[in-house]
Amino acid sequence: MSSAVQLAAATGHGLAAPGHGFLSPTGVEIAFLLVGLATLGAAVVTVTTRQLVHAALWLVVTLGGLAVEYLLLTAEFIAWVQVLIYVGSVVVLLLFGLMLTKAPIGRSPDADSGNRPAALAVALAAAAALVWVVVDAFRTTWIDLDKGVQGSTAVSGESLFRHWVLPFEALSVLLLAALVGAIVLSRRNGDTGGTSGTTGTGGTGGDKGAPTRGKEKR
Amino acid sequence: MHLAYPAVLAVLLFCTGLYGVLARRNAILVLMSVELMLNAVNLNLVAFDVWLRDTLHAGQALTLFAIAIAAAEIGIGLAIVLLVHRNRGTADVDRLRDLADPPPAGTPAADDSVTAPTDNGADEATPVRRQTA
Amino acid sequence: MTTTTAAVLVPLLPFLGALVGLGAGRRAPGFVRPLAVLPTLAATALAVLVAVRQGGGEGSGTAPLHASTRLADTGSVPVDLALNVDGFAALVAVLVGVVACCVQIYSTGYLRDDPRYSSYAALVSLFTAAMMLVVYSDDLIVLLVGWEIMGICSYFLVGHYWETAAARSASLKAFLVTKLGDVPFLIGLFVLAGDTGTFSISGIVTRLTSDSGAPLDHPTLIALLLLAGVAGKSAQFPLHTWLPDAMAGPTPVSALIHAATMVAAGVYFIARLLPVFLSSAAALAVLAVMAAVTMVGSALAALAQDDIKRVLAYSTVGQLGYMTGALAVGDRGAAVFHLIAHGAFKALLFLGAGVIIHAAGTNSLAAMSRMSGLTKRIPDAFWTVTVALLALAAIPPFAGFFSKEAVLGAAEHAATGHTADIPEGVGWTVLLAGLLTALLTAGYAARLWLMAFHGKGEPVPDHGKQPVAMNAVLWVLFVPTAAFGLGYGALPDWFDGESLTPTLTTSVLGTGMALAGALVMYGAWRHTSARAARVPLGAVAAHPDAADAVSEAEAIATHEAAYGSVAAAPDPADPGRLLLGPLHRHAATGFHLDAVYGALFVRPVRAAAGLVRFLDREVIETYVRGFAAAPGLFGAAVRRAQTGNVQTYLGALLAGSLVLAVAAVLVAAGA
């Protein structure tokens, strides 16, 4: 079954269930579209706003919108993990980072670097090319969301701990390495801990983030 | 649901992140843009997993791994940014120009005084850091 | 030892001596003199042995010794290491050996203190070997090897006193002018081989002389091309200008190379290949005109020279003209007869001149004419040089008389139409020019003798006796100078068999001319010598007690400074100046031939060199600089791209990969 599906995907003809018109959106599609627009808008604001802290907050909106999209795609476990890790910890971590690097509160006129036009050109060109390719490839492909929940916690957990145990464990080692690396990087050179009053700022940022992630992942 | 919706959304998010990576000056904002790109990929993974009805749920498992790795990456990345900021007094990507070809001897270094990676500069930056902290 | 082995050893021994001398000369100074003299002596002994075994007695009936071996296949026209010893080769080899021995022995005394004696002696040995190779070789390419080795040896030996500018330029001039002739010579050899299909001299001669042999396809072309090389090597007009300048070399070198052997190689070459030249009447005419112009012009120039060696050099040119004249009338016996006789007495003259220069401390005749008592200081040189000058002037019964009469007789023979294949005009040209030259030759010989040995004024200071080696050599050479001519009866057996006996007409005419010339010169000298005391002139060497070579080098180096010219001196007491009148000025410079060459060749070449230099500097250099600068500019541009801004790098990277991806998609889609 699965191999046949992959073959169909490769040839560009998806599971085109009869009855799906090209421009006959279902409710899920409308919801997906609206949330997607909001997400995209938030993402654009994230990368264009001149207020650095606002950028982090708009990032929260973006990531949250993505979580909703996951839900709409029936991947509920991923959605909650997204909320927990991204919205809950990564953004917090980024905010900490902003503060620790004395990022200015309020509008900073030099948030964008000099090669902004080039970046815009590259991004637009990439978007045009990719959208063209993607639309060309998948314009007759539909996702059948009615056949049951694909990403429920039970299904995901079963799959994760049955088929993906070994990578999962390897990932835990990676996280441990990242933890140690963050600690080592954050320590001040030659510090033995005596002047922890000043070194703590860098150290706690790393220390705080890493275990948080580790715990949540586990 | 039409597969083009999540795919196009992922593309647009990715390109937004791309723009951010290339255009943002603050290293932390660059990291945020990287997160955007990663999320775009995650969305793709989930959408295709759902579309293909994969019995192994490879797409979702990979999404989980990607999220974990992204978290680790953000931790290490922030640590590096903090270290750089502590040493150089700045976290602006376009002022970290150690990779630049050094100007020919004799010409005065105009605005490279900050970026010039001398031990002196690092030592000077440290007290500043201490005072503000 | 077979005759062939002996003949092979003749060129080989001096060659090995030269190699060992060049290799070990500096490390073992004690062995240099034996290494120089002994191989040459042995080679001479072997040459005499070959001559005795080979020739003589049976006339042209004696078959030439012929041997050849082929080292490697060389294509369509084979090149062999071939040997061909007939009467000509045997006798010329003996001459070369004797003169080379004399020169080597003389040099041990003459260059006794010279720091570069070892290389000098080795080069003389190498030169001897090369000349022997030319003499004995039966293969044109092997002959060419010897021919060119002689050229390069001549270059090095003329430039022996390379500290002086004159020697440097003279060596270069000698090399370039002879090479100028050698290029057509080489082409001529190829054309000849192309026509005949062989490089073998005896093969070519046999083919041309036998009745069944096919004639050459391009006889005139071949003869004229070969003639260019001969003119260069044998110093014939118009390529003779290097020879007087080559007198900047040491005197023994002049004696060996520029009188007796190397310059004779050209004549000898024509003698060997005479049938080739006989097959073209035009070539014979050119040869005759060349000989006539050379004879008369060089004799006139010799009258005006002040440097004793330059007088002898021009006389060499003139005597070589006699030889080519004899060849032009098709009598190679007479030519080689004169070659051998001239080789003997001219070597003696040069070696004697070396003694005179040392004793007088100058090479200027004008200065010598203001000294007295030179004859008492160097009696050996006086007597031998006197006899040699008599031989040069063709006064009987010395060698020069018989050989010159043989030439004039042959010319007369041709002029009266008794020689087949030779146009009568050629005979007349050679005969008249030869008679006129006989007059002039006697004139300059008398001038040299009178000015050198009969000067009036301060007595010559005593520099001690000359080394025994040098005086002994003079007397050794005296013997053939005085007596060789008497062998005219036996020599035809060695040569082609034609009689070399003087005929009455030419003897009377030639001797009469010679006596007239000498008497006129004596009269002029009587008239002018009185003025010598009134005009003080002259400079002598600064180191009179040093070795002879040092005096000579100093004399050469100071001649231009002291007398205003390398060739002439402003001496009103010079009888030659009186006799030549307004012609003297032109004769002293060799009739401005050097100036003509300068205008014709040197200046265009210099202009071309200037142009090339300009092109190189301004055009090619620009390309080079451009090629150097373009990467520099490109590098600067790339440097500018290295801003260190990671975002720029990343942007470029992504843009590039985007373009690549789009291109790949388009290609995959077949668009």
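I began with A406(C), which, leaving aside neighbours within four places in sequence, is in contact with A334(C), F337(C), H338(C) and L500(C). Contact here means that the C-beta atoms of two residues, placed from the backbone, lie within 7 Å. This is a predicted model, where local features need pLDDT of at least 70, side-chain atom pairs count only at pLDDT 80 or more, and totals for chains, interfaces and linings use all residues. Residues are numbered from 1 along each chain as its sequence is written, while chains are lettered from A and ligands numbered from 1 in the order in which they are written.

**A406(C)**

I placed A406(C) in helix α19 (residues 399-415) of chain C. Helices (H or I, at least four residues) and strands (E, at least two) are DSSP runs, numbered from the N terminus. Is A406(C) buried or exposed? A406(C) counts as buried because it has 31 C-beta neighbours inside 10 Å. The cut-offs are 20 or more other C-beta atoms within 10 Å for buried, 12 or fewer for exposed, and partly exposed in between, with C-beta atoms placed from the backbone. I also checked S507(C): it is 101 residues from A406(C) in sequence, yet 9.3 Å away in space, C-alpha to C-alpha.

**Two strands of chain C**

I looked next at strand β1 (residues 65-69) of chain C, which pairs with β2(C) in the antiparallel sense over five bridges. Strands pair if DSSP finds at least two bridges between them. S68(C) has A82(C) in β2(C) as its bridge partner. Strand β2 (residues 81-85) of chain C is largely enclosed by the rest of the structure, because four of its five residues are buried.

I took helix α27 (residues 593-641) of chain C: its 49 residues reach 68 Å from first C-alpha to last, close to the 72 Å expected at 1.5 Å a residue. The expected span is 1.5 Å times one less than the number of residues. Where does α27(C) bend? It bends at A599(C), by about 40°. The bend is the angle between axes fitted to the seven residues ending at a residue and the seven starting there. α27(C) is hardly covered, with a buried count of zero.

I then read helix α6 (residues 165-196) of chain C, whose 32 residues reach 46 Å, close to the 46 Å expected. Just after α6(C), G197(C) takes a positive phi of about 80°.

**Chain A and its partners**

I counted eight helices and zero strands in chain A. Of its 218 residues, 32% are buried. Among contacts in chain A with a separation of 6 or more, 70% join residues 24 or more positions apart.

Chain A puts 92 residues in contact with 69 residues of chain B. α5(A) gives the most to that side of chain A, with 12 residues. By class, the side has 53 nonpolar, 29 polar and 10 charged residues. Ala, Val, Leu, Ile, Met, Phe, Trp, Tyr, Cys and Pro count as nonpolar, Asp, Glu, Lys and Arg as charged, and the others, Gly among them, as polar.

**Confidence in chain B**

I checked pLDDT, the predictor's confidence in each residue from 0 to 100. Chain B has a mean of 78, and 77% of its residues reach 70 or more. Confidence there is highest in helix α1 (residues 4-23), at 92, and lowest in helix α4 (residues 119-132), at a mean of 41. Over residues 108-133 of chain B, pLDDT stays under 50.
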